Amino acid sequence: MSTVSLALDPADPRPLYRQLCDLLAEAIGRGELLPGARLLSERDLAAQLGLSRTTIVNGYRELEARGLVRGHIGRGTFICAPSAPDEVPPAWRGKIALAAQRTSDPALHALVRQPGAETISFAPGSAALDLFPLEHFRALTDAVLRRDPAALALGPTEGQPALRRALAARYRVRPEEVLVLAGAQQGIDLLARCLIDPGDAVVLDRPGYLGAIQTFRGAGARIVGWSVEDGALDELEDAILRYRPKFLYTNPTFQNPTGRTLATELRRDLLELAARYRLPIIEDATYQELGFADPPPPPLRELDRHGLVIGINTFSKTLAPGLRLGWLIAPAAVIQQLALIKARADVFSPGLTQLVVAELLAGRRYDEHLRQLRGEHARRQGAMLDALRRDLPSGALVTTAHRGGLYLWCRLGGEANARELLTAAAAAGVLFVPGEAFYPDDGGKHELRLCFSGTPPERIAEGVRRLGSLLAAGPAIRQTQALGRQPII
Ligand SMILES: Cc1ncc(COP(=O)(O)O)c(C=O)c1O
């Protein structure tokens, strides 16, 4: 319970016992308090928070009324196992392992569901899929199927040798340092399985990629947020000294969700700091190749002189997420270990797709496609900014343009709550991701993420019009015009 933040707000109109109950309920929902865990005694918590014992008793009673805890006289108050839904057959009830129960947040799962055709969704992080080089991909698939018996055979868990070689050549490493993945998310999961023991601390961008937050939390890690907004290295050093983290996970280029990019100097300082404390870095470079015009600063992995950085990447944003193809770059011994773990759940990533993508990388078409994609994404970011400027009331939302990536990170004016706005927006046929999903704590209530790249400009305009009508009561959008400025973290 010591890791749960119980910051009660005297300005909050809810009674204190209600705030306490809500905070604990949220911590249970996020899996920070697990079934069977004992809450602090009423007396101890009252002393710790400087509140009356009655407030704590009432808070615990309210939690009990919601079925989240059970009090046992003389023993204390314990977190209950969630009740199984009626459709679970009786023999399966109560059988879910504790580790699996930590994976209870459906946010990521919900994000990948397709909305109806009428709905305009700025929620999933999707590139301009309509630019996918379909004919070329089809021709390569035919050629590979005709020519290469490996296309339909089982192959090594590390990946098709042809794709490992192609990736190694492109990123100037050795093929043994490349592991082919079923998407970047698999890399995050494999590293969690490989590195995290329950109770280990890991440092993550705050706000940061929700798939990483959920996966590391699911592995039992204690998540320590590092403020991406400031890129403050002293804050990171404090966290290292205080929590002794296993590693830092960061997404330093066109970050998800903020779109920010760590400047080269800051990258060097970060590597220096990590080297001093021997802190491994997992660099999620998913957006590295999606700068609109000029290339962004080099990836941390390329600047690293101490062998600290493991790089994760994917074709999900540069080709298509449906290919489920990503890769990881690490020292060969680490690749071996990760391949053994991968083999337990996923013996071999689809061989045909690997061979076709290897062919694509060997020719010029992939880089041509990237050029087109970057241009179209820049156009779509412009279309979304124009629409926000035109159709949102003054002060309703503040955002910053970036030179790459897929996202606008927005702050709502007038303390508007993003989750409440989403409920109204879904009914009006437009979706986004509320900021809360990207915080390992209770931040992000007034923020939201809009993905501009996956929607053609006319639909962007219509979606923003729908948002504008909902926000019509608030003041006008103020945009920080950062297009001509070096993006900062
Ligand atoms: C930073 C980051 N990492 C990983 C992923 C997952 O990518 P994949 O589809 O390759 O699993 C995403 C997807 O949005 C992402 O933004």
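At what angle do the axes of helix α10 (residues 233-243) and helix α11 (residues 264-276) cross? The axes cross at roughly 15° and come within 11 Å. Helices are DSSP runs (H or I, at least four residues), numbered from the N terminus. Axes are lines fitted to C-alpha atoms over the stretch in contact, and angles run from 0 to 180 degrees between N-to-C directions. Angles under 35 degrees count as roughly parallel, over 145 as roughly antiparallel, 65 to 115 as roughly perpendicular and the rest as oblique. α10 and α11 are therefore roughly parallel. Leu233, Leu236 and Glu237 of α10 make the contact with Asp269, Leu270 and Leu273 of α11. Two residues are in contact if their C-beta atoms, placed from the backbone, lie within 7 Å.

The model is predicted: local features need pLDDT of at least 70, side-chain atom pairs count only at pLDDT 80 or more, and totals for chains, interfaces and linings use all residues. Residues are numbered from 1 along each chain as its sequence is written.

Helix α16 (residues 418-428) packs against helix α17 (residues 457-470) at about 125°. Their axes lie 10 Å apart. α16 is therefore oblique to α17. Leu421, Ala424, Ala425 and Ala428 of α16 meet Arg466, Leu467 and Leu470 of α17.

Setting aside neighbours within four places in sequence, Leu328 contacts Leu179, Leu181, Gly187, Ile310, Gly311, Ile312 and Leu338.

Methods
Helices (H or I, at least four residues) and strands (E, at least two) are DSSP runs, numbered from the N terminus.
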